[in-house]
Amino acid sequence: MAKPLWSCPHCERTFANRNQTHSCGTVGALDAHFARRPPAVRELFDAFVARVRAIGPVTILPEKTRIAFHVRMSFAMVMPRHDALVGHLVLARRVDDPRLHKIETFSPRNHVHHFRVRSVAEIDAIAEWIAEAYAVSEQKHLGATAR
């Protein structure tokens, strides 16, 4: 059974770990991220959200510079651009693939994979990694005692 989430007493954001280091910030308005973007970029974002929600419940956190996706921890983020979504997925393993333009390794089970998607087909092409990142957010890659 998973440990209860800890809520920051200042910003009320939830975390898997008590006293998790973070920057308290107010969650902004989602629509503000799309104010100067073509409607197709919002449609692309909505397709990304639908892909995530098909896996399970998620909290979407529109922050100042990005939109984060959170279950027990944040596992994905996107930033709308003029013709695409740029973002990253947190995976417990390193995936070397030309669709990923940068990989940052923080620990043996914490690899941040950066992507750019310009179409729903490109979201579909990374769907397996989105599901894997969602499972990381649920902390399924950790032992039962760690959750």
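**View 1. Surface and overall make-up of the predicted chain.** Accessible areas here come from the Shrake-Rupley method with a 1.4 Å probe. On that basis, the protein chain of this predicted model exposes about 8400 Å². Carbon and sulfur atoms supply 52% of that area. Of the 147 residues, 41% are buried. The chain holds 3 helices and 8 strands. From the N terminus, their order is β-β-α-β-β-β-β-β-β-α-α. Among contacts between residues at least 6 apart in sequence, 50% join residues at least 24 apart.

**View 2. Helix H3, residues 127-137.** Buried means under 20% relative accessible area. By that cut-off, 8 of the 11 residues of H3 are buried, so the helix is largely enclosed by the rest of the structure. The buried residues are Ala 127, Trp 129, Ile 130, Glu 132, Ala 133, Tyr 134, Val 136 and Ser 137. Their cover includes two helices, H1 (39-53) and H2 (120-125). Strands S4 (67-70), S5 (74-80), S6 (85-91) and S7 (100-107) also contribute to this cover. Just after H3, Gln 139 takes a positive phi of about 65°.

View 3. S8 pairs with S6 in the antiparallel sense, over 7 bridges. Within this strand, Arg 116 is the bridge partner of Val 86. S7 also pairs with S8 in the antiparallel sense, over 6 bridges. Leu 100 has Phe 115 of S8 as its bridge partner. A hairpin of 2 residues joins S7 to S8.

Conventions: Residues numbered from 1 in each chain as written. Predicted model: local features only at pLDDT ≥ 70, side-chain atom pairs only at ≥ 80, totals over all residues. Heavy atoms only, no water. Helix = DSSP H or I, 4+ residues; strand = E, 2+ residues; numbered from the N terminus. Buried < 20%, exposed > 50% of the residue type's maximum accessible area, 1.4 Å probe, protein only. Contact = heavy atoms within 4.5 Å. Pairing = 2+ DSSP bridges.
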